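The sequence and model come first, then the contacts by type.

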Amino acid sequence: MNATLPNPDAQPLMLRVLAGETTERPPIWFMRQAGRYLPEYLELRAKAPDFIAFCLNPEMAAEATLQPMRRYAFDAAIVFADILLLPGALGQKVWFQAGEGPKLGPLPELATMEAEIEASTARLANVGETLGRVRAVLEPERALIGFAGAPWTVATYMIEGGSSDRSRARTYAYEHPEALDRLLDILVEASARYLAMQAANGAQVLQIFESWAEGLPEDLFQRLVIGPHVKLLARVRELGVTIPVIGFPRGAGALAEGYAAQVPMNAVALDTQASAEMGRRIQSITAIQGALDPLLLRAGGKALDARVETLLHQWGGGRYIFNLGHGIILDTPPEHVGRVVARVTGKQGWGG
Ligand code: 1CP
């Protein structure tokens, strides 16, 4: 076989790392690699009446997913959707106000949501269609990622009615432990079914975004993060899903290590604070992903170049997926993204 031609049977690099291999170079993708820092995204986004309609339009969402894949040699695409589609599918009103972020209506009765779990997956069928459309055109060497918000993170938006400092949600956890645990159970079941639907429609990797794990005392971290992640993963496996799953407990700090030891994820995504040593200790348990600072990606220059070398050096000897410690910031210059992807992959764009 000619080694210079792409092999259509080649396992995507990302899947090899998630299967436990240390690869010749780390695969790379970026959280929020689609979105407002790309002019072509802004142009496409202007054609949809609102953000939710945009996410639920398979043609537009597939196009948004593919835009960064055309520009850069990313090793994986992540389906264009949002973690807040699930509360909407469970019957809570969700809308995005321009410039203000997400807004949610009153929390529905728990019993009402329990009765809506099965229907919620069907209401998100368009996300499955987006995945199918992307998989049909994405090169076989590039992996496709599906995702969901983690139960606690989604619950914070549902309880607070939007983005906030999460103090109301944490207070709710102390004052109404039974109601909160019931809400988390609803989200575990609905998310497991939603993720299984994504796997059935072409997702090859799943990521669980626990964006708001920060500030939780150890006992709450155990109850709100580790417990529900263990349950969610077990339920996903019970539903017959065999593809790898990445957990991202953002803001977990030193508790990320306990997370990695207790939740049998195929990789743990680390945030910007993760130390080199902690990352290496977690690498002895599972693969890691992360943890370039999105502010440094935006800033660019020599400091960015140096940090990329440091990350490659400190973690590249083990199971490692190159990524950010959180999503791309909206005014990031696209050429900074291109520079990092080219350094990690050795390619200017896909195929060359
Ligand atoms: O029109 C727009 O550009 C609105 C901005 C935007 C985008 C591009 C939102 C609103 N969501 C998205 C897409 C999105 N959201 C993706 C797409 C795929 C990709 O990464 O390229 C993903 C994976 C998400 C996940 C998501 N949504 C998270 C978890 C990751 C994270 O950033 O922590 C969270 C917390 C959300 C909620 C959300 N969606 C959008 C906003 C403004 C917010 C609120 C964020 C906050 O509370 O600060």
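A salt bridge is a side-chain nitrogen of Lys or Arg within 4 Å of a carboxyl oxygen of Asp or Glu. The model is predicted: local features need pLDDT of at least 70, side-chain atom pairs count only at pLDDT 80 or more, and totals for chains, interfaces and linings use all residues. Residues are numbered from 1 along each chain as its sequence is written, and side-chain values use heavy atoms, with hydrogens and water left out.

**Salt bridges**

By the rule above, the count comes to 22 salt bridges.

| Arg182 | Glu114 | 2.9 Å |

Helices (H or I, at least four residues) and strands (E, at least two) are DSSP runs, numbered from the N terminus. The salt bridge of Arg182 and Glu114 joins helix α10 (residues 177-200), which holds Arg182, to helix α6 (residues 110-123), which holds Glu114, so parts 68 residues apart in sequence are tied together. For accessibility, buried means under 20% relative accessible area, exposed over 50%, and partly exposed in between (1.4 Å probe, protein chains only). Arg182 is partly exposed at 37%, and Glu114 is partly exposed at 34%.

Arg166 is in the loop between α8 (151-160) and α9 (167-175), and Glu214 is in the loop between β5 (205-210) and α11 (218-238), 48 residues apart. Arg166 counts as buried, with 11% relative accessibility, whereas Glu214 is partly exposed at 33%.

Asp305 is partly exposed, with a relative accessible area of 27%. Elsewhere, salt bridges link Glu189, Arg193, Arg235 and Glu238 in a network.

**Aromatic rings**

Rings of Phe, Tyr and Trp (its six-membered ring) pair if their centres lie within 6.5 Å; planes under 30 degrees apart count as stacked, over 60 as edge-to-face and the rest as tilted. Eleven aromatic pairs are found in the whole structure. In one of them, Phe30 and Phe74 have ring centres 5.5 Å apart and planes at 65°, so this pair is edge-to-face. Phe30 is in the loop between α1 (13-18) and α2 (39-45), while Phe74 is in the loop between α4 (58-71) and β1 (76-78), 44 residues apart. Phe30 is buried, at 0% relative accessible area, and Phe74 is buried at 0%. Phe74 also pairs with Tyr72: the centres are 5.5 Å apart and the planes at 70°, so the pair is edge-to-face. A cluster of ring pairs links Tyr41, Phe51, Phe54, Phe80 and Phe96.

A charge sits over a ring if NZ of Lys or CZ of Arg is within 6 Å of the ring centre and within 35 degrees of the ring normal. Arg45 lies over the face of Phe54 at 5.8 Å from the ring centre, and Arg166 lies over the face of Trp212 at 3.4 Å.

**Sheet**

Two strands pair if DSSP finds at least two bridges between them. Seven strands form an open sheet with parallel pairing, in the order β1-β4-β5-β6-β7-β8-β9. Its edge strands, β1 and β9 (320-324), each pair on one side only. Within the sheet, β5 and strand β6 (residues 245-249) pair in the parallel sense over five bridges. Phe248 in β6 is the bridge partner of Phe209.
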